[in-house]
Amino acid sequence: MVDFKLEVVVLPVTDVDRAKAFYTRIGFREDVDFSGPDGFRVVHLTPPGSAASVIIGSGVTDAVPGSERGAHLIVDDVVAAREALVAAGVAVSAVFHDAGGVFHHAGTAGRVEGPHPARQSYGSFASFTDPDGNTFVLQEVTTRRPGRISHVVYRSSEDLEGALRDAATAHAKYEGELGHPDPDWPAWYAGHMARAAGLGS
């Protein structure tokens, strides 16, 4: 089986500097800003915590600026994420869920204001646009369905250190219950950290 990992979404924009300023303002990391002959330009940006990135630029797509619809940004808490965007000066829709309860309809059809009544994972949304009108949807995911992810992305070395320290504390308790050192501690750590990240055992 060959892995096919979604890596980049190319967003059509009219003003690269304006778009770059918008995305960096909401926390996207600038990875590359390359200018070539004849006005060619590639700006590579990565949302915080994301394994996938976006590209904007000149000469990178022939799509109509603003025509991208529905790229999803997954968040742990859609209410908090919306507040962070609003604080950064972004116009964001109210948090909503869909009347059908499975996935949101196109446009604003079927929107019911407020998070999913049971705060069901995958069920609460908010939307916003960039300066060109490219549309993004925030989707709250708190529990992953089986098979959806196979790795964890730590946002910083501090986050990774914290996860390791948590595992070390839990493992020390486990060794105390065993009454002797655990020779298979790497497997125990891996299982503990995977479960803590919602990956299962």
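The buried residues of helix α1 are covered by, among others, strands β2 (29-35), β3 (41-46), β4 (53-58), β8 (125-129) and β9 (135-140). In this predicted model, the buried set in α1, which spans residues 16-25, is made up of V16, A19, K20, F22 and Y23. These residues sit on the same side of the helix because they cover an arc of only 160° around its axis.

The ends of α1 have their own details. Just past the helix comes G27, with a positive phi of about 105°. As for confidence, α1 has the highest mean pLDDT among the elements, at 98, while helix α4 (residues 185-196) has the lowest, at 76. The protein as a whole averages 88.

Then there are the salt bridges, eight in the structure. One of them pairs K20 with E30 (3.1 Å, N to O). This pair ties helix α1 to strand β2, across ten residues of chain. K20 counts as buried because its relative accessibility is 17%, under the 20% cut-off; E30, at 39%, is partly exposed. Both belong to a salt-bridge network that also takes in D17, D33 and R41.

R119 turns up in another two pairings. Its side chain meets that of E140 at 2.8 Å, N to O, linking the loop between β7 and β8 to strand β9. R119 also bridges to D77, with the closest N and O atoms 3.3 Å apart. E140 is buried, at 1% relative accessible area, whereas R119 is partly exposed, at 35%.

Note on methods: Residues are numbered from 1 along each chain as its sequence is written. This is a predicted model: local features need pLDDT of at least 70, side-chain atom pairs count only at pLDDT 80 or more; totals for chains, interfaces and linings use all residues. Side-chain values use heavy atoms; hydrogens and water are left out. Buried means under 20% relative accessible area, exposed over 50%, partly exposed in between (1.4 Å probe, protein chains only). Helices (H or I, at least four residues) and strands (E, at least two) are DSSP runs, numbered from the N terminus. The arc is that of the directions from the helix axis to the C-beta atoms. Contact means heavy atoms within 4.5 Å. pLDDT is the predictor's confidence in each residue, from 0 to 100. A salt bridge is a side-chain nitrogen of Lys or Arg within 4 Å of a carboxyl oxygen of Asp or Glu.
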